[in-house]
Amino acid sequence: MTIAFLGLGNMGGPMAANLVKSGETVHGYDPAATARSEGVARFDSAIAAVAAADVVITMLPSGKHVLDCYREILPSARPGTLFVDCSTIDVADARQAAELVTAAGHRAVDAPVSGGVVGAEAGTLTFMVGGATEAFAAVEPFLAVLGARAIHCGASGAGQAAKICNNMILGVSMIAISEAFALGEELGLTHQALFDVASTASGQCWALTTNCPVPGPVPASPANREYSGGFASGLMLKDLRLAESAARDNDVATLLGTRAAELYAAFVERDGPGRDFSAIITAVRDGLLTKEPTA
Ligand code: NAD
């Protein structure tokens, strides 16, 4: 079994390395000189990397990258190749990508991930998979190497749909938790007291109990290390915008999701995209987000 791995960045690099460690032959391609690829045989074009592959995994920045890449490589792929796109992209782009693949006589799944760079390195990612049942069964053994869980969410695009719906919940809930802590501070509540109540009551959620935006109550949360590591605010903004775009395309009123995208956009403009998304609490405290949206 030969796997072509296209996109050896922060996520793809360690994922490809884990496949090599598990004994797979991996043909990698990434145009960036900085790409990481321990053990991966590097090729100097995507076409060359996919020529002998049974499976093609992509981990690219956007839907445009995936569609452009597929258009370039599909004519060179062997018949029946399994295409697995792990990038986070627009649902409509994911469906279009799957159509291109199946029209060319191959099989496709979208398989975006959660778990971040730490999960990619440790092989503990969660995959949300969209595609035919047979294609899901074919990809499961590889996903078992790369992650701890793979959930078949439905037809093509369903993996991306699950990812952006989940992350819309996460973005909105992190803002809600941040507002609650900021209000609690003004009301004289200690962080620990609010945490002890909310984490065991109806305010309980992942943004509070695992990624708590204030230092102290959850020692492993990024707030304890100046919001370094964790899930970058720029990626949260990207996912909220994908959710917004899907909501617009499908005529669904996601008012809080849209507002969350505006708030993260203002925050990223002020502080840059790199800090953990729980640092949004600093913007809540500073009143940055009280401004009316400009667009
Ligand atoms: P990254 O920018 O580090 O890596 C993307 C890589 O793709 C780059 O090295 C780039 O040179 C390469 N690339 C661009 N066009 C290419 C092409 N045609 N062929 C081959 N390689 C090409 O980004 P990342 O953090 O690894 O994220 C990748 C995807 O995973 C994104 O869609 C992102 O939203 C998603 N994701 C990231 C995280 C995270 O924590 N970083 C978490 C979940 C999902």
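Predicted model: local features only at pLDDT ≥ 70, side-chain atom pairs only at ≥ 80, totals over all residues.

Analyst: Residues are numbered from 1 along each chain as its sequence is written, and side-chain values use heavy atoms, with hydrogens and water left out.

User: Is Lys163, where UniProt places the feature "active site", buried or exposed?

Analyst: The feature comes from an unreviewed UniProt entry; UniProt positions follow the numbering used here, feature names are shortened, and annotations may be inferred rather than shown by experiment. Lysine 163 sits in helix H7, residues 158–186, where helices (H or I, at least four residues) and strands (E, at least two) are DSSP runs numbered from the N terminus. Buried means under 20% relative accessible area, exposed over 50% and partly exposed in between, with a 1.4 Å probe and protein chains only. Because its relative accessibility is 6%, lysine 163 counts as buried.

User: Which residues is lysine 163 in contact with, leaving aside its neighbours within four places in sequence?

Analyst: Contact is taken as heavy atoms within 4.5 Å. With the neighbours within four places set aside, the contacts of lysine 163 are Thr88, Pro112, Val113, Ser114, Met128 and Asp239.

User: How many residues apart in sequence are the parts that arginine 78 and aspartate 54 tie together?

Analyst: A salt bridge is a side-chain nitrogen of Lys or Arg within 4 Å of a carboxyl oxygen of Asp or Glu, and the side chains of arginine 78 and aspartate 54 meet in one at 2.7 Å, N to O. Since arginine 78 lies in the loop between helix H3 (63–73) and strand S5 (82–85), and aspartate 54 in the loop between helix H2 (46–50) and strand S4 (55–58), the pair ties together parts that are apart in sequence by 24 residues.

User: Which residue forms a salt bridge with glutamate 185?

Analyst: Glutamate 185 is partly exposed, with a relative accessible area of 25%. Its side chain meets its partner's in a salt bridge of 2.8 Å, N to O; the pair links distant parts of the chain, with glutamate 185 in helix H7 and the partner in helix H12 (residues 280–286), 100 residues apart. The partner is arginine 285.

User: On which side of H8 do the buried residues Leu194, Phe195 and Ala198 lie?

Analyst: Helix H8 spans residues 191–198, and Leu194, Phe195 and Ala198 are buried in it. The arc is that of the directions from the helix axis to the C-beta atoms. Because these residues cover an arc of only 100° around the axis, they lie on the same side of H8.

User: What kind of aromatic pair do tyrosine 70 and phenylalanine 83 form?

Analyst: Rings of Phe, Tyr and Trp (its six-membered ring) pair if their centres lie within 6.5 Å, and planes under 30 degrees apart count as stacked, over 60 as edge-to-face and the rest as tilted. By this rule there are two aromatic pairs. The rings of tyrosine 70 and phenylalanine 83 have their centres 5.3 Å apart and their planes at 70°, so the pair is edge-to-face.
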